[in-house]
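Reader: I have a sequence and a model open side by side. Can you walk me through a few spots?

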Amino acid sequence: MKMEIVYCVTVCCAIVVVILAWKVLNWAWLRPKKLEKCLRQQGLNGSSYKLLFGDIKEMSGMLEEAKSKPINLSDDIVTRIQPFIHKSIQTYGKNSFIWIGPKPLVYIIDPENIRDILSKNFHFQKPKGNPLGKLLASGLVDYETEKWAKHRKIINPAFHQEKLKQMLPAFYLSCSEIMSKWEKTVSTEGPCELDVWPDLQTLTSDVISRTAFGSSYEEGRRIFELQKEQAELVMQASQSIYIPGFWFLPTRRNKRMKEINKEVQASLRTIIDNRLKAMKAGEASSGDLLGILLESNFREIQQHGNKNIGMSIKDVIEECKLFYFAGQETTSSLLVWTMILLSRHPNWQTRAREEVLQVFGNNKPDVDGLNHLKIVTMILYEALRLYPPWNCTSSNYS
């Protein structure tokens, strides 16, 4: 009897090992090779799949090499920020693909194809990705179909023009603080060289902190500092192949990412709970993003008489995290590249300055005046055209 039990256990263990081995083999080799064959049959060209890593090693190596060299002030920065993708498109053409580990990434460059994909969101679903990216933010950008529509409807009031007008004093205050700092440095040291990039990052973080959390601005600033550290850790992790389950290993980086996530979640929950208590006590909303979001969510629940129609506290937390992640780095990048362009084209710098003085003089900026800054708007649009913050020309094929 004992031998029979040992035999059964041995057989079961062997079956489990075989099943796990088959799943690993399928994930690491068979499925990627099958996808590669399908992509080539559809007329796409690309690099051959390499076990586990795909093109990650070459991609990381080329990026590190590019970052080690000084950047040239030219309008062509693709070879600097995306050297591997640039090389891949030159080698295999616009209709091509590369490998991010065992998953192919297909380039979608043709505008008609992009429009077709975005208009058929029920057919072209967003890739799930790995769980590390969700530590930064999920929210609206990560949702599909009905959930996306629900969140979009609730969030939309925060971006109405009248609500944005109310946030202008917060924008002005943050900008004034940075300008005062620069003026003080120049007046003390005389003509000097300033590294504006860290200050512009601080500026955009402060603006978002004030407009998102209002009176809880200092707590918001701490959250954003943690999110910035989290982003750096996630970027480090993305340089290597993602292995399912690796997130659960007690590595130093994994433990720190979990600590940050826990602290951010707890801080945001405290801010939201305090705001909900204030709303129940009848206090007026301060007009910040969080207040508008909670009010809109509350109206949606009241209208349908069902709390499941609205967003949960967890959903609100993710939208707050997304607001920072999507706005901070992109805006600061736009500002710094705009300053670079103006330094290279002093005639446009003069025209922009004259327009600002003509519209506002020594008065504080207001919304109506901002709408009359045609030259400044043209400059910002050109900076966005030449140096777009996000690369939206590719999509995961899963």
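Reader: Which helix holds Ser 205?

Author: Keep in mind that this is a predicted model. Ser 205 sits in a helix that covers residues 196-213. That helix is α10.

Reader: Is Ser 205 buried or exposed?

Author: The cut-off for buried is under 20% relative accessible area. Ser 205 has 15%, so Ser 205 counts as buried.

Reader: Which residues is Ser 205 in contact with, leaving aside neighbours within four places in sequence?

Author: Ser 205 lies in α10. With those sequence neighbours set aside, the contacts of Ser 205 are Phe 224, Tyr 324 and Gln 328.

Reader: How far does α15 reach from its first C-alpha to its last?

Author: Helix α15 runs over residues 346-360 and has 15 residues. At 1.5 Å a residue, 21 Å is expected. The model comes close to that, with a reach of 21 Å.

Reader: Which residue follows α15?

Author: Helix α15 spans residues 346-360. The residue after α15 has a positive phi, near 60°. That residue is Gly 361.

Reader: What feature does UniProt place at residues 7-30?

Author: Over residues 7-30 the chain is 100% helix and 0% strand. The end C-alpha atoms there are 32 Å apart. The UniProt entry, which is unreviewed, names this feature "transmembrane region".

Key: Residues are numbered from 1 along each chain as its sequence is written. This is a predicted model: local features need pLDDT of at least 70, side-chain atom pairs count only at pLDDT 80 or more; totals for chains, interfaces and linings use all residues. Side-chain values use heavy atoms; hydrogens and water are left out. UniProt positions are given in the numbering used here, feature names are shortened, and annotations may be inferred rather than shown by experiment. Helices (H or I, at least four residues) and strands (E, at least two) are DSSP runs, numbered from the N terminus. Buried means under 20% relative accessible area, exposed over 50%, partly exposed in between (1.4 Å probe, protein chains only). Contact means heavy atoms within 4.5 Å. The expected span of a helix is 1.5 Å times one less than its number of residues.
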